[in-house]
Amino acid sequence: MGVVPAETTALKRILLTGASAGIGLLTARLLCQMGHEVWGTARTLAKLPVIERFHPVILDLNDKHSIEAAFGAALLEAGYFDVLINNAGAGVFGPLESFSDDEFVAQFETLLLGPLRLIRLALPDMRARGTGLVVNVSSLAGEFPLPFMAPYSMFKAAMSAMSEGLGFELAHTGVRVVDVRPGDFATNFHDSTRRIGSELASEYQPNLIRAWHAIGQNMKRAKSSCIVADLLVAIVEGKVRGPVQVVGDIFQARMARLLARIVRRSWVQWGIRKYYGLRRA
């Protein structure tokens, strides 16, 4: 038998954002059950689980000082981190023209700048030790934009580009970067998505309500988010090593992506409009 890579055997110290619900909470529970130590973050302490080997961390991705203070305190307790998982996210639904500068910037900080700040804080020690893993949870929305969630889609696309670019830059360091792109999975994401743009609602009907309904129905029909949590655990343990991991049903993760590569983009956009029931003039 060959030598088993260290990543498949050693227990890890992991910083995981968005550990209070959904994919993050499931991942935290699985990692802790398997013996790993998890420093999991949320904005509110009361929302974080109380389980063995889980260390609660209060962190606000929209606040640079909160990120620095939270990471510093967690690192002091942990000593070092083997893995950083940027999982936290939040969506805002509404016409792009209705986004104020503050609302747009808030999405940017939550979905891209906040994770980048954590990467900057984690990399120096990882590079110095010659080992480490950064996992960024982006979305298939970066490849197939969600109607009325343009900022979410664009920043998820940017996270995927950031992940691949960073992976090239770190090729010589022993630090790996993995971009995970989930499709629709059953979480409370849709229920927690904030809606804006009521003043423009009449201007965007009937597509505004059609898109909202379609996204909600897709989430209800979606598979369990345990599938994504299992994938994240497999990545942490070195059982899955590719730099880009797409996870979803056969249509989203395989067929749609294959068709998008071989047909005109206008056809892809037609398919997206049909998928969400959008009307044209």
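## Pairing of β4 and β6

In this predicted model, strand β4 pairs with strand β6 (residues 132–137) through 4 bridges, in the parallel sense.

## Pairing of β4 and β1

Strand β1 (residues 13–16) and β4 also run parallel, joined by 3 bridges. Here Ile-14 is placed opposite Val-83 of β4, and Leu-15 stands opposite Leu-84.

## Side chains of β4

In a regular strand, side chains alternate between the two faces of the sheet. Strand β4 (residues 83–86) directs Val-83 and Ile-85 one way, while Leu-84 and Asn-86 point the other way. The four residues Val-83, Leu-84, Ile-85 and Asn-86 are all buried.

## The sheet as a whole

These strands belong to an open sheet of 7 strands with parallel pairing, in the order β3-β2-β1-β4-β6-β7-β11. Strands β3 (54–58) and β11 (244–247) stand at the edges; each has a single partner strand, so one side of each lacks a neighbour in the sheet. On average, neighbouring strands of the sheet are turned by 15° against each other, direction ignored.

## Helices packed on the sheet

Helix α1 (residues 22–33) packs on the sheet and touches β1, β2 (37–42), β3 and β4. The direction of α1 makes about 170° with that of β1.

Helix α3 (residues 101–129) likewise packs on the sheet, in contact with β1, β4, β6 and β7 (175–182). For α3, the angle of about 170° is formed with the direction of β4.

Conventions: Residues are numbered from 1 along each chain as its sequence is written. This is a predicted model: local features need pLDDT of at least 70, side-chain atom pairs count only at pLDDT 80 or more; totals for chains, interfaces and linings use all residues. Side-chain values use heavy atoms; hydrogens and water are left out. Buried means under 20% relative accessible area, exposed over 50%, partly exposed in between (1.4 Å probe, protein chains only). Helices (H or I, at least four residues) and strands (E, at least two) are DSSP runs, numbered from the N terminus. Two strands pair if DSSP finds at least two bridges between them. Axes are lines fitted to C-alpha atoms, for helices over the stretch in contact, and angles run from 0 to 180 degrees between N-to-C directions. Contact means heavy atoms within 4.5 Å.
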